[in-house]
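The points are grouped by topic.

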Amino acid sequence: MRTTVALVLAVLTNFLSVNAKEVGCPVGPQTGTDCAAAASPGDSALAFREDAKTHSSTVEDEEAYGEANKEKEEWSTKLMAHKRLLDADLEEANKKKCKHASITVHKADGLLAQGYFSVDPYVKVTYKGDENKDLTFQTEYEARTANPTWNHTEAVLLCNMIAPMRFEIYDKNWVTSDTFVAQAELAGREFWKDGFSDSLLLDDGGKGLLHVTIQH
């Protein structure tokens with residue numbers, strides 16, 4: 001019996017000594033009780049649990065932040081890949097719907113009927129090319145004539161079956177900027193499928209005709 005009691009007392013003294021060291025209490029025969037009061041086993045266990053809880057919460061927050069960043073990066077990568085695929089598909093679709101063609105601007109009739117006594121006319125043609133860009137070319141000018149003949153042919157790549165083709169006639173000037181004379185538009189449906197060869201009525205200036213041909 002005495003042996004058992006001595007053993008229990010030894011274990012209790014050792015436990016109190018460990019707790020006393022954690023809180024900086026001196027350990028001795030006469031201070032063991034006070035030290036035990038200052039740092040009881042319950043207080044130590046509670047402090048340990050709080051520390052563990054705080055550490056666990058911090059680790060969980062860091063892990064959650066890391067997971068959120070990882071998920072964001074994955075979505076960003078997927079979106080970029082999807083955009084590249086869409087751009088590639090659009091480019092391929094544009095290539096498939098484009099047509100090689102030749103545009104010939106033959107001549108114009110009756111330009112002086114629009115109020116000009118003398119003109120040096122040329123034609124600027126605007127059409128939709130690759131990537132739906134507006135592209136232009138122009139003829140040479142014909143000196144002092146109301147009925148110019150250009151017979152200018154241009155090889156082009158047409159890439160919009162809806163957008164109209166625009167023909168603008170300008171008077172070539174040598175001192176000031178060139179003067180707008182008249183224009184005509186040809187709807188995409190008029191030339192996309194079978195081409196076009198006919199006269200266009202000029203507007204924005206009066207009467208006049210422009211003769212053009214579009215061949216695929």
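**Salt bridges and their surroundings**

K133 counts as partly exposed, at 46% relative accessibility; buried means under 20% relative accessible area, exposed over 50%, and partly exposed in between, with a 1.4 Å probe and protein chains only. The model is predicted: local features need pLDDT of at least 70 and side-chain atom pairs count only at pLDDT 80 or more, while totals for chains, interfaces and linings use all residues. Residues are numbered from 1 along each chain as its sequence is written, and side-chain values use heavy atoms, with hydrogens and water left out.

**Salt bridges**

- Three salt bridges are found in a search of the whole structure, each defined as a side-chain nitrogen of Lys or Arg within 4 Å of a carboxyl oxygen of Asp or Glu.
- K133 pairs with E131 in a salt bridge whose closest N and O atoms are 3.5 Å apart; E131 is exposed, with a relative accessible area of 52%.
- A salt bridge also joins the side chains of K128 and D134, at 3.0 Å from N to O. K128 is partly exposed at 21% relative accessible area, whereas D134 is exposed at 53%.
- R166 and E168 meet through their side chains in a salt bridge of 3.6 Å, N to O. R166 is partly exposed, with 28% relative accessibility, whereas E168 is buried, with a relative accessible area of 11%.

**Setting of E168**

- E168 lies in strand β5, which spans residues 165-171; strands (E, at least two residues) are DSSP runs numbered from the N terminus.
- Leaving aside residues up to four places away in sequence, E168 touches Y122, V123, K124, T126, F180, A182 and Q183, where contact means heavy atoms within 4.5 Å.

**Cavity**

- The structure has one cavity of 30 Å³ or more. A cavity is a set of points, on a 1 Å grid over the protein atoms alone, where a 1.4 Å probe fits but cannot get out; lining residues have an atom within 4 Å of a point.
- The largest cavity has a volume of about 40 Å³, taken as the space filled by probe spheres set on the points, with grid points joined across faces, edges and corners.
- Its lining consists of Y127, K128, L158, C159, N160, A163, P164, M165 and F191.
- By class, seven residues lining the largest cavity are nonpolar, one is polar and one is charged; Ala, Val, Leu, Ile, Met, Phe, Trp, Tyr, Cys and Pro count as nonpolar, Asp, Glu, Lys and Arg as charged, and the others, Gly among them, as polar.

Methods
1 Å grid on protein atoms, 1.4 Å probe; cavity = no way out; pocket = protein on both sides within 12 Å on 5 of 7 lines; lining within 4 Å. Helix = DSSP H or I, 4+ residues; strand = E, 2+ residues; numbered from the N terminus.
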